[in-house]
Amino acid sequence: MSTSRILVVDDETEITELISLYLRREGFQVIIADNGYDALQLAAEVKPDLIILDILLKSLDGIEVCKEIRKTSNVPVLFISCKSDDVDIILGLTIGGDDYITKPFSPSQLVARVKAHLRRTTLHKSAENNSTLLAYPGLEIDLNSHTVKTNGRLISLSSKEFDLLSHLAQTPNKVFRLEQLYQLIWNSESFGDTRTLMVHISNLRKKIEPDPTNPRYIVTVRGVGYKFLANE
């Protein structure tokens with residue numbers, strides 16, 4: 001049985017009960033909060049392995065909750081919301097969310113996403129003793145410490161941004177299709193929606209590229225996907 005702790009934050013009782021039912025069936029420990037302030041307190045006390053966070057919370061919304069959590073933790077955050085506009089997706093992912101699913105959603109799909117994020121976290125922990133440094137002109141990626149430097153300056157990346165960069169950089173010049181890259185990083189199917197991936201790529205470029213509009217490292221292969229360009 002899994003010992004992973006999942007914090008579910010939503011002010012709709014029907015939603016939290018449904019999510020809890022499916023997660024507990026899979027052996028997860030579930031902690032529930034119905035507002036942003038309780039969510040922050042529980043996140044600090046319980047230290048969950050993953051947080052499912054509704055954006056439209058009363059008093060303190062999910063965006064603000066995620067911002068606060070990101071000050072001290074890289075715990076995976078999966079946003080859920082009735083909003084499906086690109087603007088909302090971009091906002092949620094830009095401030096530190098790892099993934100996004102819109103209401104109404106399939107509970108089994110949500111559980112699959114949760115498992116995928118937890119598998120990825122486990123893989124990171126198991127690789128911590130294998131120190132590897134990827135060095136390219138103007139860019140250094142330390143796979144052990146999960147740090148990135150551009151021209152010697154430390155850059156702050158979210159966990160998914162680091163996953164994307166390190167995976168692409170470990171296989172330079174290899175082209176990855178959108179669906180393929182999503183599955184590798186999120187460990188689940190994209191179900192035809194690759195906006196999460198594209199937003200993360202956009203955010204990553206803004207942080208590591210000298211000119212995000214003319215990428216030096218992560219380039220787009222039109223009609224296919226992305227590749228990491230090894231500049232010698």
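Visitor: In what order do the 5 strands of the open sheet stand, and is the pairing parallel or antiparallel?

Guide: Welcome! The order is β2-β1-β3-β4-β5, and the pairing is parallel. This is a predicted model, in which local features need pLDDT of at least 70, side-chain atom pairs count only at pLDDT 80 or more, and totals for chains, interfaces and linings use all residues. Residues are numbered from 1 along each chain as its sequence is written, and side-chain values use heavy atoms, with hydrogens and water left out.

Visitor: What makes β2 and β5 stand at the edges?

Guide: β2 (29-33) and β5 (99-102) each have a single partner strand, so one side of each lacks a neighbour in the sheet. On average, neighbouring strands here are turned by 20 degrees against each other, direction ignored.

Visitor: How do you know that β1 and β2 pair?

Guide: Two strands pair if DSSP finds at least two bridges between them. Strand β1 (residues 5-9) and β2 have 5 bridges in the parallel sense, so they meet that definition. R5 stands opposite Q29 in β2, while V9 has A33 as its bridge partner in β2. Strands (E, at least two residues) and helices (H or I, at least four) are DSSP runs, numbered from the N terminus.

Visitor: Which elements make the right-handed β-α-β unit?

Guide: β1, helix α1 (residues 13-25) and β2 make it. Right-handed means that, with the strands pointing away from the viewer, the path from the first strand over the helix to the second runs clockwise.

Visitor: Why are α6 and α8 called roughly perpendicular?

Guide: Angles of 65 to 115 degrees count as roughly perpendicular. The axes of helix α6 (residues 159-170) and helix α8 (residues 195-208) cross at roughly 80 degrees and come within 9 Å, so the two helices are roughly perpendicular to each other. Among the residues making the contact are L164 and L168 of α6 and I201 and L204 of α8.

Key: Axes fitted to C-alpha atoms, helices over the stretch in contact; angles between N-to-C directions. Parallel < 35°, antiparallel > 145°, perpendicular 65-115°, else oblique. Contact = heavy atoms within 4.5 Å.
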